[in-house]
Every structure is written in structure tokens, then in C-alpha cells.
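These are my notebook entries on one structure. I shall record what I looked up, topic by topic.

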Amino acid sequence: MYDTIVVGVGIAGISTAYWLKEAGQRVLLIDKEGLLAGASGAAGAFLSPRLGKGGALQRITNEAYRFAIDFYAKSVPEALFQKGLVRIPKDEGDAKKFETYRKHCDIAYRWCDSKDFSFITPTAMQYGAFYFEHSAFVDPMTVAKALTASIETEWGIDAKPLYQEGYWYVGEYRAKHIVLATGADKPPVDMPYITIGGVWGERVDVKTSADIPVTLHQKLSVSANIDGIVRIGATHVRNDPRSELERVNQLIDDAIALVPALKDCQMVRIYAGHRSAVNDHFPIVGAVADTEQAKATLKVPSKSIKPESDAIPHLPNCYMIGAFGGRGFVFAPLMGKIMADKIINNQPVDASISLDRYLLRYLKRQ
Ligand SMILES: Cc1cc2nc3c(=O)[nH]c(=O)nc-3n(C[C@H](O)[C@H](O)[C@H](O)COP(=O)(O)OP(=O)(O)OC[C@H]3O[C@@H](n4cnc5c(N)ncnc54)[C@H](O)[C@@H]3O)c2cc1C
């Protein structure tokens, strides 16, 4: 008997479980495979700010980014590599956009050029670049092990949660609350109002003695060199006929074009996974709606019904978190905290990330 069962032990489920446990709950984490078996185990886990024209997605991403760096520094300092990030435009068109982004950048940065970082191919730096001194990346497994150290876990259970007489059951386990943190997989509770899509991706670790003191992000990311290992990522695979190895070799070639000292690097390990996302690219946090009841009672919802409205019928104590796209390690600490506050204190979730937004869009289309 638990207060909450969290289904899915990626970074979304882990962060939620961490905050629930911090608040005193008895939590069980369940995964059909194991720790970080999904996208979270594949991530380069770069913590990079979002550039843009100051819209809501940029605001929320960068709030999560600041929160994440602070969170990992306090909770898992041994997993955090705060090496800074050089964010380089891909081409002249991108460089023009960067001019606008500079005005709207809400994260402290310094504008830099090829004189600042001589290990980067000078032509790549011809338009200048953002330098985010506090950016970082984390080691996913170290984070996962530290945050789950005092939380009960069960592996090898393909959860199909059932609700009966006030409790959620997953096999022999029961809890008052259930959280679906199932990444790009089909949610194990009926949710016809939302489609969780995703993009397959690969990244690679290479062994090298190249002196790379900071992380670079251009059309791909190249991490700072930590103990002779550099992370290079990531692919975004959509109808690509090439093999995994061909794509990864291309990644390495692109990395060498950016940092010539990587010329003699050796491939150590390829990682791959399915990033989960929804079509508006915001994360999802919130209570799972009772679709049939919502169809019956709300029909076409009036404009006054907003996400998180009391008028929206929800399944009892059932929640979902995820759709973090390519920024799971950025979003998870803050989103996990928001999820825990919702479960424990019924704290409303910001409309832009509330799961309810998808129910309302679905009802309008019926
Ligand atoms: C190649 C690559 C590079 C990336 N690089 C970065 C990066 O640099 N920075 C960054 O922040 N993010 C990055 N990401 C994105 C990040 O990995 C994801 O956003 C994040 O891991 C998603 O976490 P999650 O917990 O939602 O999903 P997942 O990690 O996929 O976890 C979902 C878990 O749910 C389990 N599950 C599903 N259904 C069930 C069920 N019915 N019962 C039991 N268990 C179930 C799965 O086994 C899985 O373990 C990258 C992703 C990829 C693929």
C-alpha cells in the first residue's frame, strides 16, 4: 500500500517520485524494463537555455533551466558538469535570428567569437556566438541512482493500472494516487484526447585527448571533455533510410568539422531512444480527464472553461507528466515539483503546461 505509484522510471517519473517522497509520501516507482530504460538513458543530458523571441515556451523552458541547474547542484553535485556552453549559429540565416534572440535572452550570457575559443573551427564562429557560462550537463545514471536511492522500485512490470473502490492497483500493489510517466509509450490508461508522439534519436560517446573545455551547441552538441570522454549528439530520425551506424558516423564527422582536434577520436558507445513530445512542444503536467464524462457534461466547452477548471471531470487521483521533447533533464526537476504540488496540495498547474489543454482542444473538435 503506497500513497503514490509512479509508472515509468525515466527522469520524469524519478523527479515526481523524488518530490513526493520529499513531502513525506510513501512512493513506489515501477518500470516495465529498468532504471532509465527509455529516452532518459540515451540523453546527452545537456542543460541548455532556449533561445527565441521571448514567447511562453522560452519563458517556461528557461525557468525550468535555472531551476534544474540549481537543483542538480544542490541534490546531485557529483553528476553535474558545469562547463559552460557556446551556442553557435548554424549559418548566416541562423546568425540573423540570433541578433533578435540576443534582445530576448533572459539567461545571462556573453557574446563571444573565435578569439575566445581557438579550439573551434574559426569559420564556425564567424558570426559570433552566445556563451552561457553556467550551462551544464549531467550524468543521467548518477542522477537517477541518487534521486531514487531511498525510493522503492520494481522492475519488469508492464503496468496496466486499474481503479477499484478508491485505490489504483498495479498487479499486487495499490496506491491512492497513480502517476503516468511513460514517455513516448502509449499511456496505459485510456486517453483518446491526446497523442504523444516522438522523435527517435541517437548520440555517441567518443574517447579522445582533445582539449575541449566547454560544451558546444550548433547543429549538434559536443560536450566538454570529461576524463577523456566527449558526448556527441544527437540525431533526429524521421524517415531516414541510413543505418544507425551511418547516422552516428555522420554525427562524428560533423563534430570533427566543428572541433578539428576530434579527428582521431574513437567511438565508445552509441545510445538511442525515443523523445516524447506533443504538437505544441510544451511539457505536460496534470490530472488525467475522464473523457466520457467530459464529453457528456461539457460537450463543446465554453470559452470560460480553462485548463484546471473545476468543471472538468477527472479520473480519481490519476496524473500524467512528460512530453519533455529534447529537454527532459531541463524540464524534469521543476515539472516534477509542480506535479507533486498538484497531487499533494491540488495546486493548479499553469494553463500552458496543464494536460487539460488537450482535453479542451479535443472536445472542440468533436
Ligand atoms: C538521443 C537523445 C538525446 C537527448 N539529449 C538530451 C539532452 O541533451 N538534454 C535533455 O534535457 N534531454 C535530452 N533528451 C531528451 C530526454 O532524454 C527526454 O526528454 C527524457 O528522457 C524523457 O523522460 P521521460 O521520463 O518522460 O521518458 P523515458 O525516459 O522514455 O521514460 C519512460 C519510462 O516509462 C516506462 N514505461 C512506459 N510504459 C510503461 C508501462 N505501461 N509500465 C511500466 N513502465 C512503462 C519505459 O520503460 C521508460 O523507462 C535526449 C533524448 C534522446 C533520445
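This is a predicted model: local features need pLDDT of at least 70, side-chain atom pairs count only at pLDDT 80 or more; totals for chains, interfaces and linings use all residues.

**Entry 1: the ligand shell**

With these classes, I found that the shell around the ligand has 20 nonpolar, 16 polar and nine charged residues. Which of the 45 residues around the ligand come nearest? I found Gly8, Gly10, Gly38, Gly183 and Gly328 in that position. I then looked up the elements that give two or more residues to the shell, and these are helix H1 (11–22), strand S2 (27–31), strand S13 (197–207), strand S17 (266–277) and helix H7 (328–345).

**Entry 2: the domains**

I recorded that the chain is divided into domain 1 (2–40 + 142–196 + 279–365) and domain 2 (81–136 + 199–273). The centres of domain 1 and domain 2, taken over C-alpha atoms, are separated by 33 Å. I returned to the ligand with this division in mind: domain 1 and domain 2 each supply at least three residues to the shell.

**Entry 3: the strands around S12**

I began with strand S1 (residues 2–7), which is joined by five bridges to strand S12 (residues 173–180), and the two run parallel.

How do strand S11 (residues 167–170) and S12 run, parallel or antiparallel? They run antiparallel, and three bridges join them. Tyr169 has Arg174 in S12 as its bridge partner.

**Entry 4: an open sheet of three strands**

I traced an open sheet of three strands in the order S3-S8-S4, with antiparallel pairing. Strand S3 (46–47) and strand S4 (80–81) are at the edges; each has a single partner strand, so one side of each has no neighbour in the sheet. Between S4 and strand S8 (residues 136–138) I recorded two bridges, in an antiparallel run. Leu80 has Val138 in S8 as its bridge partner.

**Entry 5: an open sheet of eight strands**

I then followed an open sheet of eight strands, whose order is S6-S7-S5-S14-S15-S16-S13-S17 and whose pairing is mixed. Which strands are at its edges? They are strand S6 (110–112) and S17, and each pairs on one side only. Within this sheet, strand S5 (residues 85–87) is joined by three bridges to strand S7 (residues 129–132), and the two run antiparallel. Arg87 has Phe130 in S7 as its bridge partner.

I found helix H5 (residues 244–258) packed on the sheet, where the helix touches S13, strand S14 (215–217), strand S15 (221–222), strand S16 (229–233) and S17. The direction of H5 makes about 60° with that of S13.

**Entry 6: the loop between S16 and H5**

I checked the backbone of this loop at two residues. Ala234 is found in the loop between S16 and H5, and the peptide bond from Gly233 to Ala234 is cis, with omega near -10°. Asn239 lies in the loop between S16 and H5 as well. Its phi is near 50°, a positive value in a residue other than glycine.

**Entry 7: two helices in contact**

Last, I looked up how helix H2 (residues 56–75) packs with H7: the angle is about 85°, and the axes are 7 Å apart. Angles from 65 to 115 degrees count as roughly perpendicular, and H2 and H7 are therefore roughly perpendicular to each other. From H2 the contact uses Thr61, Glu63, Ala64, Tyr65, Phe67, Ala68 and Phe71, and from H7 it uses Phe329, Val330, Phe331, Pro333, Leu334 and Met335. I sorted the residues of this contact by class and recorded eleven nonpolar, one polar and one charged.

Note on methods: Residues are numbered from 1 along each chain as its sequence is written. A residue is near a molecule or strand if its C-beta atom, placed from the backbone, lies within 6 Å of it. Helices (H or I, at least four residues) and strands (E, at least two) are DSSP runs, numbered from the N terminus. Ala, Val, Leu, Ile, Met, Phe, Trp, Tyr, Cys and Pro count as nonpolar, Asp, Glu, Lys and Arg as charged, and the others, Gly among them, as polar. Domain bounds come from an automatic or database domain assignment. Two strands pair if DSSP finds at least two bridges between them. Axes are lines fitted to C-alpha atoms, for helices over the stretch in contact, and angles run from 0 to 180 degrees between N-to-C directions. Angles under 35 degrees count as roughly parallel, over 145 as roughly antiparallel, 65 to 115 as roughly perpendicular and the rest as oblique. Two residues are in contact if their C-beta atoms, placed from the backbone, lie within 7 Å.
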